[in-house]
Each structure stands twice: as C-alpha cells, then as structure tokens.
Amino acid sequence: MNFLAQGNRAEVATASGAPGQSTVWVEEALFGHRLWPRQTPWLLFLEFLNVAEAFHRMDADAAFSPRAPDTLHPYKMRFRLGLRAILFSNDEMERIAATSDDSDSQWSEWLETMQGLSAGTDFGYLRDRFSSFRDFAELVGLVRQTTLENESNRRSSSRFIFPFGVDALFSDATYNEKTGAITADFNNFGRTGEILYMMASRAERGFELRAPFAALFDLEQPKNRLIARLSAPGDDDPNRDQKGETYLPYRQHPAFNRLADDWLAIFALGLPAQDAFAHLVPIGAFHVILYQLETAAALAGRAVRPPLVCELIALKREFVRQRSIVSYQDNDSLTLRALDGAIDRFEEEPEWMALLSDEVSDQERADRAADLIEARFHYREKAGRGTAPHDLIANLRREVEEKHEVGAGRVHSSYARQIGLASSRGTNRTRYAPNDALLKTLVIARVAQRLEFKRFLADLHEHYGLVFGETEARAALDPVEFDAAAFERNRARLEARLASMGLLQRLSDGCAYVVNPFSVER
C-alpha cells in the first residue's frame, strides 16, 4: 500500500488541525507531532516505556492497538518525586552512613536533612522497610549507579534510572521547591516516545508486542521490588495528565512493521530485560530515523527509499567514504526538501492560482491569501494581515525552515550519531560508519539462525536500506556513483570486523556465515 494515499492519512482530532499548537504546522502534518532531536535514544525509549506502561495499566488487553481518533488518547504518567528525592537530592546520606554505627541516630539525622523536599514527603516510612540505615544507603548507592544521562548539573526532576520495572519509570518534570508546584516538562520527553509507541501500535504485528512488554511491567520482578522498597507511598499515584495531542500522520507505514519485526525478534531470543534494552533502544531510534527518511523521500517524489551507504572505516580515504558522505548529506537534506515540496504543491492548487489571477483589490487578495495559508498551515503573520501573497509564501518558507533547523530537521543527524550509525572519525565530514555496538544489534535483530554473509548483506539493504557491498551498491546507486572494487573491499572489511567480534564464521565449505551469539541454534 502507498502510505501517502489519502485513505491512509490519519485525522487530527481538533478543529484547528494542529493539536495544541500556535505555530506553523507543516513538518507535523508530514511527519507527526513531534520528532524531537533533544531526546537521546535512551530518553526516547524511557518516554516510550512510560507511555506503554500507562496504556497497559489502563487496559492490558488493548495496549499496542491502534485507536480512534488518530491522535494519542489521554493517559497518565507518574512523577515519583519521593523516589527522585532519595536518589538525586539526597546529598548527606553517604556522610551520615559513614560517621556513626547507631542506626537510630543516623535515621534521625538523615530525616532532618530531607525535610521540605519532594512536596513535603515524610520519608519516615523507610525505617520500617530496612533493617538498618546502612542497608538503605547501600541500596540507594547501587541504584544511583544506574543513572542514565548522568550529568551533574541536571536537576533531580529530569534525571532517570535504568528501567528495572514499573517502579523505576517516571516522567520528566519541573518542580518548584519554593512553591511546591509540579509541572510537566517536554525537553527530555519531547513526545517522540509517544510517536514510537504509536508506530509500534499501528504495525501489523503490533499486538504481538503486548505480551513481552507486559512481562517487563510485572510488579513482582525482583529488581522492581528493590526499587519499590525506596518509593514513597504517593509515588504510585498517576499524577501527570498527558493530553492526546501527539499526532502520527499515517495509519499504516512500512517503517512501523519493520520496527515491530525487529523488536519481536529481539524479544524472541529470551534475553534478560537489561540485556534486551541494549538492543531495543538503538533499534527504536533507528526506525524513527528510517520512518522520517522514507516518508521524506516519498513526499519528495522518489520512487524508492533512500539508501544509506555505509563505510567500514579504512586506513585511508577511499571511494566508499566519498559515497557515504554524499549519501549522508543527501539524506540529511531530504526532510527540508519535502517541506518545500508541500508548499510548492500548495501554490499549484486551483484555489491559490485563482487568488493570484482574480481581479480584486490588493487588500482582498492579501486577506484571501492569509485565510488559505492559515487554514492549511496554521500560519499567521506576526505583523498582521496585508502581506502580498508572494511575500506571505516567502515568509512561510522562512519560518518553516527556521523551525525545522532546530526541530525535526536535526533528528537524522542527532539520532544517527548517538546510536553509532554516523561518525566523522578520520574526516571533517559526517558519514554513515556503523560502530561495533550497532553492528552487533543489527545481527541480533536480523539473524535468527546462521545466515550466509551475502544473504545478510542483502537483508540489511532490503530491511534498512543499508549498503555495504558491491551487489547492494550496484542496485542502489547510479552507475557513475559505483565502483565495484571499492565496495568489494568495503564488504571484506565488514566481514573481517564481524569475524573479530565473534559474529561471523567461515566454515570448511568456504562460505562465511553470520551468527547470532544469543540464538537458540547455538
């Protein structure tokens, strides 16, 4: 199915056509509200887990199911301010634990230091949950070691721990210690995790994700029970109302199905949750990239998905590196070209063409132009009405580009670097050069049983658009962009890299096979 077909377009459940927005609505209409580059892959996945757990809590049998209307249903997340205060605003704990052997006096001193934190939470409940203050301090120290995005200057309400279970999941927040006000924050949870949940839910096999994620949300998991010992009595209250303002424009999309297929393949290996997350996280962010690129290419009129030409880093600059740089740069500009194309198509519509040719006053022409543009793109001139149509279009393009440069336009470059897909190592320009961690994740997601190396390369190209060897390069590139010998050397470097990682074996028949170290076959 052509995902751009009108019947596949999702409806926006607001009269304005732009949920909760007062700014121009162009990239959101094409790609969704919203793709946010400030989220790291881990923050993206943490937001996704919070969303998935919320829908699991609401109705476990309906989680990972597409719903109507097409925007995300309202749901509730948790702030867990008590747990956060213990983990991230608890500066005196280690000193107190080291200066005395009297547990009662340690508890008394520590509780004094915690007064006034976390909206007045009384932390006295902890005395009944631990045999001694030092046992409590040791558990806090262990949990702190799992802090994600660990920046010393990040406020406590925007720091997170490894998602051991439901009790370790909490939303991004802003907490005003003076007033005690708690508000939602969209810098770290920027709604792309909601987009990821909607992608998985709309996949043909999305419902199959219900069971493996339900297992992760089991409150009786041993590590979750450890976190629960620290949690304050009110931490379980769902106290962040998340309105259904997230929008994903397509009811079906090939990228949705590929995401679900990969996650299900990882779950099928039976890895412990902590080990599975190491691969679920980058694969999730990777499919957000691929969704954006594939959509942009289709909107720009391309018949096929854009290839991602990958270099296995060589000692010296080679032809493949040049092609990889060009491939990266071309893909990085695709989304802006798609936005320009949307405005171009608007200018070719009969109603706009008629407006330009009708014999009316300049003021009436300007008013009609403003009405059409506001209805389509939710854009208003800051200086008010009266701008000539061609100037209005130019201003619209400028605002769209400025917004895109700090928003969805940076998703490809930001996510690609952070998942290990792109690098500028050995050059001053970025290109696709997957690192060892990502290569291992690709093997784990795509190799259920021992797979011949050339078939592995063909699958990476078909599933992701990745180009490593000469066969895939010949199919993906124009003849003037293709050098068989250079791509053959690149393929050989990938084979050697996988072999050095224990992910490839060459058997007595002379064939090389890619192997998944976690496969049941082994």
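Residues are numbered from 1 along each chain as its sequence is written, and side-chain values use heavy atoms, with hydrogens and water left out. Because the model is predicted, local features need pLDDT of at least 70 and side-chain atom pairs count only at pLDDT 80 or more, whereas totals for chains, interfaces and linings use all residues. The pLDDT is the predictor's confidence in each residue, from 0 to 100. Its mean over the protein chain is 91, and 94% of the residues reach 70 or more. Over residues 13-20 pLDDT stays under 50; for this stretch the model has 15 contacts (heavy atoms within 4.5 Å) beyond four places in sequence.

Helices (H or I, at least four residues) and strands (E, at least two) are DSSP runs, numbered from the N terminus. Two helix pairs were examined, with axes taken as lines fitted to C-alpha atoms, for helices over the stretch in contact, and angles running from 0 to 180 degrees between N-to-C directions. The axes of helix α11 (residues 273-299) and helix α18 (residues 436-446) come within 10 Å and cross at roughly 95 degrees. Helices α11 and α18 are therefore roughly perpendicular to each other, a class that covers angles of 65 to 115 degrees, with angles under 35 counted as roughly parallel, over 145 as roughly antiparallel and the rest as oblique. On the α11 side the contact is made by Ala-278, His-279, Pro-282, Ile-283 and Phe-286, and on the α18 side by Lys-440, Thr-441, Leu-442, Ile-444 and Ala-445. These residues divide into 7 nonpolar, 2 polar and 1 charged, where Ala, Val, Leu, Ile, Met, Phe, Trp, Tyr, Cys and Pro count as nonpolar, Asp, Glu, Lys and Arg as charged, and the others, Gly among them, as polar.

Helix α12 (residues 319-332) packs against helix α21 (residues 484-500) at an angle of about 90 degrees, with the axes 8 Å apart; α12 and α21 are therefore roughly perpendicular to each other. Phe-319, Val-320 and Arg-323 of α12 meet Ala-486, Phe-487 and Asn-490 of α21 in this contact, which by class has 4 nonpolar, 1 polar and 1 charged residues.

Helix α3 (residues 81-88) is mostly covered, with 8 of its 8 residues buried; Arg-84 is among them. In helix α17 (residues 411-418), 6 of the 8 residues are buried, so this helix is largely enclosed by the rest of the structure. The buried residues of α17 are Val-411, His-412, Ser-413, Ser-414, Tyr-415 and Ala-416, and their cover includes α2 (41-58), α7, α11, α12, β8 (422-423) and β9 (431-432). Gly-420, which follows α17, has a positive phi near 85 degrees.

Helix α7 (residues 192-202) contains Glu-194, which counts as buried at 0% relative accessibility. The side chains of Glu-194 and Tyr-75 are joined by a polar contact of 2.4 Å; such a contact is a pair of N or O atoms within 3.5 Å, of which, within protein, one must be able to donate a hydrogen and the other to accept it, and residues adjacent in sequence count only if both atoms are side-chain atoms. Leaving aside neighbours within four places in sequence, Glu-194 is in contact with Glu-47, Val-51, Leu-72, Tyr-75, Gln-242 and Thr-246. Gly-193 also lies in α7 and is likewise buried, at 0% relative accessibility. Beyond four places in sequence, Gly-193 touches Gln-39, Leu-44, Glu-47 and Phe-48.

His-463 of helix α19 (residues 453-464) is buried, with a relative accessible area of 8%. Its side chain makes a polar contact of 3.0 Å with that of Asp-262. Not counting residues up to four places away in sequence, His-463 touches Arg-258, Asp-262, His-287, Arg-305 and Arg-446.

Most residues other than glycine have a negative phi, and most peptide bonds are trans. A cis peptide bond joins His-33 and Arg-34, with omega about -5 degrees; Arg-34 is placed in the loop between α1 (27-31) and α2. Phe-64, in the loop between α2 and β1 (75-77), has a positive phi near 60 degrees and is buried, with a relative accessible area of 2%. Arg-191, in the loop between β5 (182-184) and α7, has a positive phi of about 90 degrees and counts as buried at 6% relative accessibility.

Technical notes. Buried < 20%, exposed > 50% of the residue type's maximum accessible area, 1.4 Å probe, protein only.
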